[in-house]
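Keep the model open beside this text. We will walk through it one region at a time.

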Amino acid sequence: MFEIKDYSSIYDSIMQFNKNKTVSIHQWYPFVEGYSKEFIESILDELNYTPENVLEPFSGSGTTALELQFKNINCTSFEVSPFMHLLSSVKLYNNYNSEVFNSVLNSFKEILSSLPNKVRKIRNIENIPFGRTVVKSGNLKKWNFNDEALDGILDIKYTISFIDDEAYKNLFRIVLASILLEVSNLFRNGKCLSYKKNWETRKTYKRKEVHNLFLSKIENIIKNDIAILEGILKDTKVDNYSRLHFGDVRTNILNVTDNSVDLIITSPPYLNSRDYTDIYMLELKVLDLINNYDELNQLRRNTLRSHVQVKYEELSVLNVPTLKAYFNKIAKKELALWNNDLFNMIKGYFLDMNHLFEQFRRVMQPEKFIYFNVANSAYFGEEIKVDEIISEIAILQGFELVEIRKARNLKSSSQQSGSIKSLRESVIIFKS
Ligand SMILES: C[S@@+](CC[C@H](N)C(=O)[O-])C[C@H]1O[C@@H](n2cnc3c(N)ncnc32)[C@H](O)[C@@H]1O
């Protein structure tokens with residue numbers, strides 16, 4: 001049994017990305033599964049030392065490394081999704097210049113406005129992204145984009161291809177990514193993408209309206225932020241852009257030097273069967289980051305085992321008391337259908353955690369801290385106290401548990417959760 005400290009009055013709002021939505025640079029892409037920059041600030045405020053080398057194993061939209069870069073603190077980060085990696089790298093890039101930006105934007109506007117208006121002509125030069133349901137065809141009952149919206153997107157993609165400087169090219173690609181959901185027939189519905197209400201009949205974006213939405217984001221948000229960033233970067237001495245690494249942290253962490261890290265701040269994927277590959281499918285496809293099913297499967301294999309999109313051989317249960325107790329409770333239940341994939345996901349998740357904490361132990365200097373943001377789960381009508389299980393894992397790996405802080409209650413959405421209506425989201429603090 002662990003004592004849980006109620007920190008909801010402090011953490012309730014700062015553990016959500018929402019607060020970042022109007023903050024320069026952080027706001028470039030509205031990321032749902034992230035926390036706010038205030039969370040990073042609150043950690044730095046309460047530490048009794050100034051960290052010099054932070055580790056962020058799950059970069060996501062790059063909140064940790066970006067905020068630390070602004071504070072002149074080194075941060076090594078890892079990200080497996082090519083989309084989140086691109087997003088983090090665009091935000092961390094530290095050599096933007098307003099003059100160059102404005103000249104790129106001017107030629108961009110010139111090319112975009114000179115494209116022939118002829119319906120679907122753009123499809124002769126710009127490929128339709130990979131996937132069966134991108135646009136209406138054959139007997140399809142549902143499709144992601146209406147024809148005009150897709151043509152508008154392809155026009156923008158084609159125009160972006162004329163930008164020579166990779167940094168600005170990638171920045172424009174992220175802006176395109178940030179409007180995709182809006183101009184599509186889909187919305188993000190927790191675990192997956194769903195079709196908007198009345199998507200077939202509701203007014204959708206015309207080709208020029210897609211261009212205008214894109215340009216208004218560039219003119220009204222990015223342009224301003226580039227000018228602000230240029231000012232900030234003059235005083236920035238650290239380079240977290242080149243400390244961001246693409247790929248599976250479970251293997252890449254092996255390259256981090258022993259005893260080199262003095263703070264870890266992170267939020268891994270939660271044990272909620274949410275597959276980021278699915279949720280960010282539009283961005284992955286339209287930006288050509290996923291081009292076939294093999295690439296898609298490989299990406300899913302490389303992600304932490306928190307979803308059931310990949311089948312694994314029968315895994316063993318990690319030997320920690322709270323996890324064992326969960327499986328014992330489940331074993332007593334008369335389950336009509338034993339879903340082996342779900343069992344394996346739960347087992348795999350904690351095996352991955354165990355591996356990561358073993359590595360955290362190796363790379364961390366003594367007497368330093370880990371801030372670990374995670375949420376509990378429920379499957380087969382029983383709560384899985386993820387925060388407590390991770391605490392047991394960390395203790396076994398030699399960490400001291402400082403505190404489990406309750407951040408807020410999350411609504412439990414899974415059909416698997418039975419009568420459990422809310423699940424604790426926590427911040428766990430460990431000391432090496
Ligand atoms: C909860 S998000 C992190 C959000 C981040 N704190 C922020 O504020 O933007 C978790 C991230 O972990 C990434 N991820 C999942 N499995 C991974 C792996 N094996 N290696 C590296 N990153 C992984 C996901 O793609 C996702 O971007």
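Start with a class count. The lining of the largest cavity has four nonpolar, two polar and three charged residues. This is a predicted model, so read every value below as computed from it. The residues around that cavity are R305, H307, V308, V310, K311, Y312, D341, N344 and M345. The space inside the largest cavity is about 50 Å³. By the rule used here, the count is one cavity of 30 Å³ or more.

Now turn to an open site. The second largest pocket holds about 280 Å³ of space. Its lining is made up of 14 residues. Those that lie nearest the centre of the pocket are R132, T133, N144, M281 and K285. Which elements give two or more residues to this lining? They are β5 (192–195), α11 (281–286) and α12 (293–302). Of the contributors, α11 gives the most, with three residues. Sorted by class, the lining of the second largest pocket has eight nonpolar, three polar and three charged residues.

Next, step back to the domains. The protein is divided into two named parts. To see how the two are placed, take their C-alpha centres, which lie 32 Å apart.

Where the domains meet, twelve residues of domain 1 are in contact with 14 residues of domain 2. The area buried between them is about 1,200 Å². Carbon and sulfur atoms give 62% of that area. On the domain 1 side, W28, Y29 and F70 lose the most area to domain 2. Together these three residues account for 51% of what that side buries.

How many salt bridges does the rule find across the interface of domain 1 and domain 2? The number is zero. A search of the whole structure, by contrast, finds 30 salt bridges.

R274 forms a salt bridge with E33. The closest N and O atoms of the pair are 3.7 Å apart. R274 lies in the loop between β7 (261–266) and α10 (276–279). E33 lies in the loop between α1 (8–14) and α2 (37–46). The pair therefore ties together parts that are 241 residues apart in sequence.

Terms used. Residues numbered from 1 in each chain as written. Predicted model: local features only at pLDDT ≥ 70, side-chain atom pairs only at ≥ 80, totals over all residues. Heavy atoms only, no water. 1 Å grid on protein atoms, 1.4 Å probe; cavity = no way out; pocket = protein on both sides within 12 Å on 5 of 7 lines; lining within 4 Å. Points joined across faces, edges and corners; volume = space filled by probe spheres on them. Helix = DSSP H or I, 4+ residues; strand = E, 2+ residues; numbered from the N terminus. Nonpolar A, V, L, I, M, F, W, Y, C, P; charged D, E, K, R; others polar. Domains from an automatic or database assignment. Contact = heavy atoms within 4.5 Å. Buried area = accessible area lost by both parts, 1.4 Å probe. Salt bridge = Lys/Arg side-chain N within 4 Å of Asp/Glu carboxyl O.
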